[in-house]
Amino acid sequence: MYDVTIIGCGVIGASLAYTLSQYRLRVLVLERENDVAMGTTKANSAVVHAGYDPAYGTLMATLNVRGSAIMEQLCRSLSVKYKRTGSLVVAFSAEERVRLEHLYENGKRNGVPDLQILDGDAARELEPNLSENVRAALYAPSAAIIDPWGLCIAQAEVAVRNGVELRLRSAVTGLEERGDSILIHTTSGDCESRFVVNCAGGWGHEISAMASGAAEWEARPSRGEYYLLDKSSGDMVSRVIFQCPTAAGKGVLVAPTVHGNLIVGPNAQEVEGPLSRENTHSGMDSVVQTSRKSVPGVDFRQSIRNFAGVRANTSEADFIIRPAKGMPHLLHLAGIKSPGLSAAPAIGEYAAALLEKSGLSLEKKVNWNGQREQIRFKDLSDAEKAAVIARDARYGRIICRCETITEGEIVAAIHSPIPPCSIDGIKRRAGAGMGRCQGGFCGPRVLDILARELGRNPLDICQDGEGTYILTGVTKGGEQA
């Protein structure tokens, strides 16, 4: 019998697991994929929004501003990449300037600090590559950029290290209320829990239907497509550049990343479900044409990767954070669209408080450790590098030349509390494969290290999700993959 079972380990589920790991509870996390951070968490804009956009008085507004306020210290304690850059929302007309005024007033009511409205010239002083057609901009100094999957992985690792149980490859197939508990059917077996929290992202409506017979909201998934540009374009802008938001979302942005690249996107296209992550010619062309309106000098020939993510949009405008109808011990954390990443730490706090109000006892652990350290070899001084290599010679062997990632860092990631089982799992933890060649050089070496450290046949190593095998058919050695 678990006290709390969390369905889904994207950044929302991981944030709640991290929060609950501070208390004397038996907590289980169920994740359908072979790793954490496999949905929207690994495919988004990687922005910590300031909080001027969500309507005043909504959960979205309150949790966005709170999450933004606590994110920097959280990332510092977890060794997660974070940089406070500020953001600009640019306007091209008198009508859009009026919309900036509305955003400004809404942001002030929401408690966003230090907002300013700048004229076009002042905006270009901050960002010289802005279009000459920009007439005004809303400046939000508290906005930031982050490593989104890094945050999820770090919180999940801390939770597991502090006693939370994580089951991967465990999709939920049914829920049954049993008095004061819920029986959970999964593809890896059944379990029972006093409380269940639905953090299933794009599958959240399906969990709702298991509890109530029909989903409490309509899922309206929306795909956003992106360009990721090489580090040679990373200084095109130093802040996050938005265009005025519309009903479809916050629009196409141009922004630096914490890894030194430039990210451009997304568009917005309604799709059938959370797995509709393909890139399309029309979508990518739309991103190019729209982004050039605000930053015309972006050189898309420097693109090193395209990707798409699916937002968990629903028929409800606000986040859906409430007990399930007919199953009060099931708590929904659903419809967590943008600014869900920004709000994630605050959502974890808020959900824990709701569970306590519903009867869950929250008794603090005396020995909880919320710190996480990670060696990033390329960021060390020469003296620090020498000291690290003296302790472990594997830190002296460069595996990923583009990103200067060492064998020591890869091995450390493999033996972390949530060991990766794929090449992209290493990429998200250690950074190998993030650079210009996108793993073309280091990929085979990462595969070898994974197989060696995990004691597995290289033929069984995947690129990312289940079934994405690197080697298939008959290999040169004559072995059938």
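Ground rules come first. Because this is a predicted model, local features need pLDDT of at least 70 and side-chain atom pairs count only at pLDDT 80 or more, while totals for chains, interfaces and linings use all residues. Residues are numbered from 1 along each chain as its sequence is written, and side-chain values use heavy atoms, with hydrogens and water left out.

Start with the whole chain. The protein has twelve helices and 22 strands. Helices (H or I, at least four residues) and strands (E, at least two) are DSSP runs, numbered from the N terminus. The radius of gyration is 22 Å, close to the 23 Å from the globule rule for 481 residues, so the protein is as compact as a globular protein of that length. That radius is taken over C-alpha atoms, and the rule is 2.2 Å times the number of residues to the power 0.38. The C-alpha trace spans about 60 × 55 × 45 Å along its principal axes.

Now burial. Of the 481 residues, 57% count as buried. Buried means under 20% relative accessible area, exposed over 50%, and partly exposed in between (1.4 Å probe, protein chains only). The accessible surface comes to about 19800 Å², and carbon and sulfur atoms hold 48% of that surface. Those areas come from the Shrake-Rupley method with a 1.4 Å probe, and for residues only the protein chains shown count as cover.

Contacts next. Take contacts between residues at least 6 apart in sequence: 71% of them join residues at least 24 apart. A contact means heavy atoms within 4.5 Å.

Charges, briefly. There are 53 positive and 55 negative side chains, and the centres of the two sets lie 3 Å apart. Lys and Arg count as positive, Asp and Glu as negative, and His and the chain ends are not counted. Each charge is placed at NZ of Lys, CZ of Arg, CG of Asp or CD of Glu.

On to single elements. How many residues of helix α1 are buried? Ten of the ten, across residues 11–20, so α1 is largely enclosed by the rest of the structure. Among them are V11, G13, Y18 and L20.

Y18 leads us to V158. V158 sits in helix α5, residues 148–161. Its relative accessibility is 0%, so V158 counts as buried. Leaving out residues up to four places away in sequence, V158 touches Y18, L78, W368, N369, G370, Q371 and R372. V158 and R178 are 20 residues apart along the chain, with 31 Å between their C-alpha atoms.

Now the loop between β2 and β3, where A37 is found. A37 is buried, at 0% relative accessibility. Beyond its neighbours within four places in sequence, A37 contacts C9, G10, K42, W149 and C152.

N34 lies in the loop between β2 (27–30) and β3 (47–48). N34 has 2% relative accessibility and counts as buried. What does the N34 side chain reach at 2.9 Å? The backbone oxygen of D464. A polar contact of 3.3 Å also joins the side chains of N34 and E466. Polar contact here is a pair of N or O atoms within 3.5 Å; within protein, one must be able to donate a hydrogen and the other to accept it, and residues adjacent in sequence count only if both atoms are side-chain atoms. With neighbours within four places in sequence set aside, the contacts of N34 include L168, R169 and C421.

That brings up R169, and backbone geometry. Most residues other than glycine have a negative phi, and most peptide bonds are trans. Phi of R169 is near 55 degrees, a positive value in a residue other than glycine. R169 is in the loop between β9 (165–167) and β10 (172–178), and is partly exposed at 37% relative accessible area. Q438 also has a positive phi, near 50 degrees. Q438 is in the loop between α11 (423–430) and α12 (443–454). With a relative accessible area of 19%, Q438 is buried.

Which peptide bonds are cis? The bond from G265 to P266 is cis, with omega near -5 degrees. P266 is in the loop between β16 (262–265) and β17 (269–270). The bond from S338 to P339 is cis too, with omega near 15 degrees. P339 lies in the loop between β20 (327–334) and α8 (340–357).

Last stop, K81. K81 is in the loop between α2 (59–78) and β4 (82–83). K81 and I145 are 64 residues apart along the chain, and their C-alpha atoms are separated by 8.4 Å. Apart from neighbours within four places in sequence, K81 contacts I145, I146, D147, V258, H259, R376 and D379.
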